[in-house]
Amino acid sequence: MGLAVLAPLLVWLVADPVLGHRLRIVNGEQTLDIGAVAVVLAALLAALAGWGLLVVLERFWLRRARALWTGVAVAVLALSLLPLTGDGMDGGTRTALALMHLAVAALLIVGLRTKDAATATRSAPSTPRPTAPEGDGPARQSHGPG
């Protein structure tokens, strides 16, 4: 989950300080500058929401939790990209934001699904094979005096 918060920050670092492209959205006379704190908080919120939903789904729909969660995560990703099709930002800002959204989604979807699968495998109780008590097996049976 930490990588899902770090990845968009790295995209922001490359776009804003390194390349010198200020990420901003203009709506009429209002301008929203997208800074590092906003990027980290948005990614952290998305990661916590995704993790929380997965926990709830595992609690109530254990068999289908991962599949259902993945479907919801992909739908949320698609919806999160819709505002990027509107006006108010240049191509560089649009590209950087799209990369941030995709990075967070990819890392969360892969990371939480993998962690979920590993946890399920580790926590699955191993059932020992029944063993016959010593001397009761077919090779040890006595067929009378002999």
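Let me start with contacts: of those in the protein with a separation of 6 or more, 64% are between residues 24 or more positions apart. Keep in mind that this is a predicted model.

Now the overall layout. The protein has four helices and two strands, and from the N terminus on the order is α-β-β-α-α-α. Of the 146 residues in the protein, 25% are buried. The accessible surface comes to about 10300 Å², and carbon and sulfur atoms account for 65% of that.

Helix 1 covers residues 2-18. With 17 residues at 1.5 Å a residue, helix 1 should span 24 Å, and its end C-alpha atoms are 22 Å apart, which agrees. Which residues of helix 1 are buried? They are A4, V5, A7, P8, L9, V11, W12, A15 and D16. As a reminder, an α-helix has 3.6 residues a turn, so residues three or four places apart point the same way. Just after helix 1 comes G20, with a positive phi of about 75 degrees.

Next, the strands. Strand 1 is residues 24-27 and strand 2 is residues 30-33; they run antiparallel and are joined by four bridges. V26 stands opposite T31 in strand 2. The two strands make a hairpin with two residues between them. In that turn, G28 has a positive phi of about 70 degrees.

That brings me to the charged residues. Side chains of opposite charge can pair when their charged atoms come close. How many salt bridges does the structure hold? There are three.

Take D16 and R22 to begin with. Their closest N and O atoms are 3.5 Å apart, and the pair forms a salt bridge. D16 has a relative accessible area of 7%, so D16 is buried. R22, at 41%, counts as partly exposed.

R22 also meets D33 in a salt bridge through their side chains, at 3.9 Å from N to O. This pair links distant parts of the chain: R22 is in the loop between helix 1 and strand 1, D33 is in strand 2, and eleven residues separate the positions.

D33 in turn forms a salt bridge with R24, where the closest N and O atoms are 2.7 Å apart. D33 is partly exposed, with a relative accessible area of 35%, and R24 counts as partly exposed at 36%. Through shared partners, the salt bridges join D16, R22, R24 and D33 into one network.

T93 is found in helix 4. Is T93 buried or exposed? Its relative accessibility is 0%, so T93 counts as buried. Not counting residues up to four places away in sequence, T93 touches H21, R22, L23 and R24.

Last, the nonpolar cores. The largest has 13 residues, and W69, L108 and L112 have the most contacts inside it. Helix 1, helix 2 (36-60), helix 3 (65-81) and helix 4 (91-123) each give two or more residues to this core. Apart from it lies another core, of twelve residues, including V11, W12, A96 and L97.

What is W69 in contact with, leaving aside its neighbours within four places in sequence? The residues are G50, L53, L54, L57, L108, I109, L112 and R113. L108 and L112, then, are on that contact list and are also named with W69 for the most contacts inside the largest core.

Technical notes
Residues numbered from 1 in each chain as written. Predicted model: local features only at pLDDT ≥ 70, side-chain atom pairs only at ≥ 80, totals over all residues. Heavy atoms only, no water. Expected span 1.5 Å × (residues − 1). Buried < 20%, exposed > 50% of the residue type's maximum accessible area, 1.4 Å probe, protein only. Core = buried A, V, L, I, M, F, W, Y, C linked by side-chain atoms within 4.5 Å. Contact = heavy atoms within 4.5 Å. Areas by Shrake-Rupley, 256 points an atom, 1.4 Å probe, with all protein chains shown as cover. Pairing = 2+ DSSP bridges. Salt bridge = Lys/Arg side-chain N within 4 Å of Asp/Glu carboxyl O.
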